[in-house]
Amino acid sequence: MIGLSTHLSRMEIFGMAYRNAGFLSAVLSTTLLSGGGGALYAADKPEPLYALKSNHQHAPVAKKQSTQVGGRIAGRSKNRKVAVVNNSSEDLHVSGKRRVVGVQDVVSSAEIHRAVPGTNPLKALSQHPGVMFQSSDPQGLGQWTSMLYMHGFQQDQIGMTVEGIPIGDQEFHSFNGLNSAQAITSENLERMDVSLGAGAESIAATNNLGGSLQFIGSDPGHVRKATIGQTFGSNSLFHTYVRGDSGDLTKRGDRFYVSYMRNDTKRWKGGGHQFMQQVNFKLVDPIGEHSSLSTFFNYSDFEYIDYQDMSFDSLKNGGYYLDNFIGTPNGYQKAYQAALGIFPSSYSNIVDKTDASYYAASTTSRNYIGGTTYDFELADRLHWKGTVYGHGQYGRGSYTSPYSTSPNGAPLAEQITVTQQKRFGFTSSLNYTVAKNDISAGVWYENFSVNVDRNAYEEPLLGQGKPVNPVGSLPSPYATFWGMQFNSNSFTAYLQDTYHPLKNVSLHVGFKSILQTVRAGQTANMVSYTGTDSLAVGSVTSSRPFLPHISGDWRFLRDHELYFDIAENMKTLPMAAYKQGASPFALTGEQYEKIKNTIKPETNWTYSVGYRYNSPWVSGTVFAYRSDFSNRLQQITAGTIVNPVSSVANVGSIAMNGVDAGLVVRPLKGLSISSNVSYNHATYGSNISENGVTYHIKGQQIVNYPRFMYKANVVYTIGDFTTHFDATYMGKRNYSYTGDLKVPSYWVENAGVRWMMGKTIRKLTHSSLPEDLSIDFNVYNLANQKYISVSGENGNAMYGDYQSFFVGAPRQYFGSIRMSF
């Protein structure tokens, strides 16, 4: 018996619908070692750490391909055997042998849900080779204080979607999307599909230089059910999750779920709270035999008091627990006095005392995002699929600045960047299977409009009122330092064909076209603050009519596979307001005029090749890749973090070579031992000159990403108990472009145990407790390691120190209980 993922419309399927019981769900116990590569194994064996999935729209099948319809499977393959087990866990078990092709990784629900409930699912992805996810908070939810890299590509170079809805470039000040942790509740995720290679031309994105990431949510169940989960933990964490599934409402299987999540915790250092709540809704409407409609909606409310950005100076001389003053005893008074030059005695050795003396920094974001996905069978081998969506966002990021004075004479002022974003768009594709070809073509269109203002709010004189609550309701600002408006139209189209000349050989050829135009206008400019007569105003267009992609897969002998992947990609010019990123519109008007006709979008050619071996007891993989970048844009910063001296530099070409190697061993029933190693050699191809000074960065490793990573994981299941342990070694990272300052290497370990106690207690006590009842206990940072996590959030300096990193959370404890009935 083999466990198989539920998203069967995009995978080769060995089954047909189980209709009579009125439900279908699947257990993602089938995972494979990736980097890529892996093995299918018997369902009673533990899962390896990695899962791999076809990189193409359709995998080769016998005669006809099975298609999922509204959560039911229409089995049309004659050469498959199906065994369906009806149990309370709603598992679908399928017999038969299946191989997967391509370089697409799958993060299973089992991996995601081993983490503490509410944890950012990117933390589960970070156990995979070549992936680095860093965060200053233990759950990884901070929008400003988290960062993702995959094989040397930063999060704004990775295309992402949630339930088919594009969520943009993941930058803190993103104009075209939404932070993935706020787009869907992690408990509702079925899996994440990750393209670690160069392809995925069908992804709805204009930034996928380094692959793509698709968040696939679970469908509502066919049986009426309620689920309740409660988590407690360090820092007074209180996480609540409630979900209700309607079950089938009609004979054809119409059904929905609605869920609510609330996450409330104190910060692990300093003071103040971090709060998030979220509502998810999904409706599935099967239409006929092989067609369906589904609607997804997400509301999120995010209010986080952020941790202090640190420098090596403040870390060494202020200590690991140095933080902003908010929420601490007499916090406002300390910040007030520091702004007057009267610093705490503990600051005596800090060189830049003022830049370590902020009262508060925060992030607030409220989002409404939703879409309807259609999947219609137009003919026996022809499907029309797409999504229509919309998104509205209100967000703000704030600092209480000791460098600005309020009109009443207070030496502090609250600076808040307020962003209002509206997006709408659609995707549409046709998929046709004929002879030995799987052909698809599609388009994506999106429009976004954004207003951004940097406002200033008056702080009170000492003892004459409460300071501005950065995550609460705001008074009227006393000034707008600057304001900008943006409007964009993006269009992509693709055509691809996967040809199967032999049963064990697949060849893929495709291309993608991109066109994006962005217009920016100035709505406010206080010259005394910005230091410039005008901000960047105008329009830029990024276009490339032909971005090719070629790949192949050969499955030879027994349990052996070779594959390759080659593609050219482009990231459209990034959009950011004044001093908020590596964008042409982040500059002054004068700077913009100088570069607007010469600045070019980032492009790259990526080549990858891999081998994998799979057997019931061992899975091994080797994956090598090379990327050649052109026109790499970087933000160069200096000065204070509230009003930095910023420039956008084309750091030229970058040559990146890397290799992943991994091994999974399953020596005993229930035991899985896995480890992987990653090496990345990514260096700048030329020196750079700024203001008449030449900086020697040629040959230096790119900033913020290590050359070497090692990860190990052990999962052991015996009866109703599952334990897991993972360890990660993170190598040194360049902190400055010249490499004179580096982030030190570190080890960090996590562990946990789960007891599926429902069945055991029912048997022993003959009670009516729900069978689906479990308790979990997890420990993060087991050895209480002190380390630097995120680096470069404020940009990186050419050389020397700068206030642009966060430290990681110390040891944390969490306990959870969950049941369904």
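A nonpolar core is a set of buried Ala, Val, Leu, Ile, Met, Phe, Trp, Tyr and Cys residues joined through side-chain atoms within 4.5 Å. The model discussed here is a predicted one.

Q: Which residues have the most contacts inside the largest nonpolar core?
A: The largest core has 92 residues, and those with the most contacts inside it include Leu125, Met150 and Val194. A second, separate core has 23 residues, among them Val452, Trp482, Ala577 and Tyr578.

Q: With what is Met150 in contact, leaving aside its neighbours within four places in sequence?
A: Contact asks for heavy atoms within 4.5 Å, and the partners of Met150 include Leu125, Val131, Ile158, Val194 and Gly210.

Q: What makes strands S9 and S10 a pair?
A: Pairing needs at least two bridges; two bridges join S9 (residues 146-150) to S10, and the two strands run antiparallel, so they count as a pair. Met150 stands opposite Phe153 in S10.

Q: Why is His500 called buried?
A: Buried means under 20% relative accessible area, and because His500 has 11% relative accessibility, His500 counts as buried. This residue is found in strand S24, which covers residues 479-502.

Q: How do you know that the side chains of His500 and Asp438 make a polar contact?
A: The limit for a pair of N or O atoms is 3.5 Å, and the contact joining the side chains of His500 and Asp438 is 2.8 Å. The side chain of His500 also makes a polar contact of 3.2 Å with the side chain of Ser506.

How values were computed
Residues are numbered from 1 along each chain as its sequence is written. This is a predicted model: local features need pLDDT of at least 70, side-chain atom pairs count only at pLDDT 80 or more; totals for chains, interfaces and linings use all residues. Side-chain values use heavy atoms; hydrogens and water are left out. Helices (H or I, at least four residues) and strands (E, at least two) are DSSP runs, numbered from the N terminus. Buried means under 20% relative accessible area, exposed over 50%, partly exposed in between (1.4 Å probe, protein chains only). A polar contact is a pair of N or O atoms within 3.5 Å; within protein, one must be able to donate a hydrogen and the other to accept it, and residues adjacent in sequence count only if both atoms are side-chain atoms.
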